[in-house]
Amino acid sequence: MAEPEPKSEQTETHQQHRAQRTTVILIIVLAITAGAISWYGIRPGNEMVVTSKSSVISSNKEVETIRKIPLASIAVDEIRLPHFDPIMPLGPHRDVFMTNCITCHSPRLVIDQPHFPQEKWEEIVNKMVVTFGGHVYKKDQPKIVEYLVSIRGKTESAQKKLQRP
Ligand code: HEC
């Protein structure tokens, strides 16, 4: 019986060459595409037309301005909404409060509380540390309580502090 003829070496090298050529062509095409994208960028190709009317007081005329803004330049991936924090009133150890108590939430959460007696503020500061894991040095905790009592305590001066006119 005739043995199956082994593939000739020539056919094998020929196939290898073809595979190599295809790979090289693919790499070149990919490189050109990537190069073109990074050079020209992905452009939506259209613009937003913004017209605004404004009157020129001196000549009493209305002027219309037309601006064309390429959409690519106004594409946003982040929107920041305005954030207003109350200005915390002055009081003893205000700086200690500001460094420790506004990392997790706004000071608004504090300023919106009713006037509490000192024990209640101690309890709250303790809760922030023990229950919520706030990093506040032990030595700073009474200072924060002192500040809180001065702005939101049951004392007369604290009651006056945040009164609206
Ligand atoms: C580790 C994060 C963290 C830190 C730091 C932190 N808080 Fe809080 N705080 C919280 C959380 C969580 C709540 C609960 C929020 C809620 O109920 O939606 C809260 C709520 C509060 C409230 C609302 C009343 C209450 O009892 O829940 C007050 C007042 C308050 N914090 C004051 C403070 C003060 C004063 C400090 C500084 C000593 C402080 N927080 C630091 C996490 C923190």
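Reader: Where is His 93 found?

Author: This is a predicted model: local features need pLDDT of at least 70, side-chain atom pairs count only at pLDDT 80 or more, and totals for chains, interfaces and linings use all residues. Residues are numbered from 1 along each chain as its sequence is written, and side-chain values use heavy atoms, with hydrogens and water left out. Helices (H or I, at least four residues) and strands (E, at least two) are DSSP runs, numbered from the N terminus. His 93 is found in the loop between α2 (71-74) and α3.

Reader: What is phi of His 93?

Author: Most residues other than glycine have a negative phi. His 93 is not glycine, yet its phi is positive. The value is near 60°.

Reader: Is His 93 buried, partly exposed or exposed?

Author: Buried means under 20% relative accessible area, exposed over 50%, and partly exposed in between (1.4 Å probe, protein chains only). His 93 has a relative accessible area of 27%. His 93 is therefore partly exposed.

Reader: Which residues does Glu 146 contact, leaving aside neighbours within four places in sequence?

Author: Glu 146 is in helix α6 and counts as partly exposed at 41% relative accessibility. Its C-alpha atom is 8.6 Å from that of Gly 91, 55 residues apart along the chain. Contact means heavy atoms within 4.5 Å. By that test, with the neighbours left aside, Glu 146 is in contact with Pro 92 and His 93.

Reader: How are the rings of Phe 97 and Tyr 147 arranged?

Author: The structure holds two aromatic pairs. Rings of Phe, Tyr and Trp (its six-membered ring) pair if their centres lie within 6.5 Å; planes under 30 degrees apart count as stacked, over 60 as edge-to-face and the rest as tilted. For Phe 97 and Tyr 147, the centres are 5.2 Å apart and the planes are at 40°, so the pair is tilted.

Reader: How many residues apart in sequence are the parts that Phe 97 and Tyr 147 tie together?

Author: Both residues are buried. Phe 97 lies in helix α3 (residues 94-100), and Tyr 147 in helix α6 (residues 141-152). The pair therefore ties together parts whose separation in sequence, in residues, is 50.

Reader: How do the rings of Phe 116 and Trp 121 meet?

Author: Phe 116 is buried at 15% relative accessible area, and Trp 121 is buried at 2%. Their ring centres are 5.4 Å apart, with planes at 70°. The pair is therefore edge-to-face.

Reader: Which residue has its charged end over the ring of Phe 116?

Author: A charge sits over a ring if NZ of Lys or CZ of Arg is within 6 Å of the ring centre and within 35 degrees of the ring normal. Here the charged end is 5.5 Å from the centre of the Phe 116 ring. The residue is Lys 120.

Reader: Which residues are the protein donors of the iron atom of the ligand?

Author: Donors are N, O and S atoms within 2.8 Å of the metal (3.2 Å for Na, K and Ca); water is not among the atoms, so sites may look incomplete. The protein donor atoms NE2 and SD lie 2.0 to 2.2 Å from the iron atom. They belong to His 105 and Met 128.

Reader: What is the geometry of the iron site?

Author: Six donors count as octahedral if opposite donors are over 155 degrees apart and all others between 65 and 115. The ideal angles for six such donors are 90 or 180 degrees. The six donor atoms of the iron atom show angles of 87 to 180°, and the site is octahedral.

Reader: Where does Met 128 lie?

Author: His 105 lies in the loop between α3 and α4 (108-111). Met 128 lies in helix α5 (residues 118-130).

Technical notes: Four donors count as tetrahedral if all angles lie between 85 and 135 degrees; four count as square planar and six as octahedral if opposite donors are over 155 degrees apart and all others between 65 and 115; anything else is irregular.
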